[in-house]
Amino acid sequence: MLRFSFDGRPLEAREGSTVAGALLRNGIVSWRETRGRHRPRGVFCGIGTCFDCLVDVNGERAVRACLRLLRDGDRVMTSSSRGAGDAP
Ligand code: FES
């Protein structure tokens, strides 16, 4: 098992999980809000196309959670990105 945190909360997931898979496994289905209406977002396409699943990982902003493999000790945070125009 890999240990990681989400917004400071310690969690575990199987080795080989994506960040999105690890969050889902822990019952977390949304981790971002839309800019205007603050609607919850998590995984939508699951293949790196829609950018709904953005998170910050170890200080790196706007990471697609569905594509990033989780590493032991990762610090995953609710995305500070507010949308495509704000991505680094
Ligand atoms: S869920 Fe669509 S890019 Fe990650």
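1. Two strands pair if DSSP finds at least two bridges between them. Strands (E, at least two residues) and helices (H or I, at least four) are DSSP runs, numbered from the N terminus. The model is predicted: local features need pLDDT of at least 70, side-chain atom pairs count only at pLDDT 80 or more, and totals for chains, interfaces and linings use all residues. Residues are numbered from 1 along each chain as its sequence is written.

2. An open sheet is formed by 5 strands in the order 2-1-7-5-6, with mixed pairing. Strand 2 (9-13) and strand 6 (60-64) are at the edges with a single partner strand each, so one side of each has no neighbour in the sheet.

3. Strand 1 (residues 2-6) pairs with strand 2 in the antiparallel sense, over 5 bridges. Pro10 in strand 2 is the bridge partner of Ser5.

4. Ser17 lies in the loop between strand 2 and helix 1. Is Ser17 buried or partly exposed? Ser17 is partly exposed, because 19 other C-beta atoms lie within 10 Å; buried means 20 or more, exposed 12 or fewer, and partly exposed in between, with C-beta atoms placed from the backbone.
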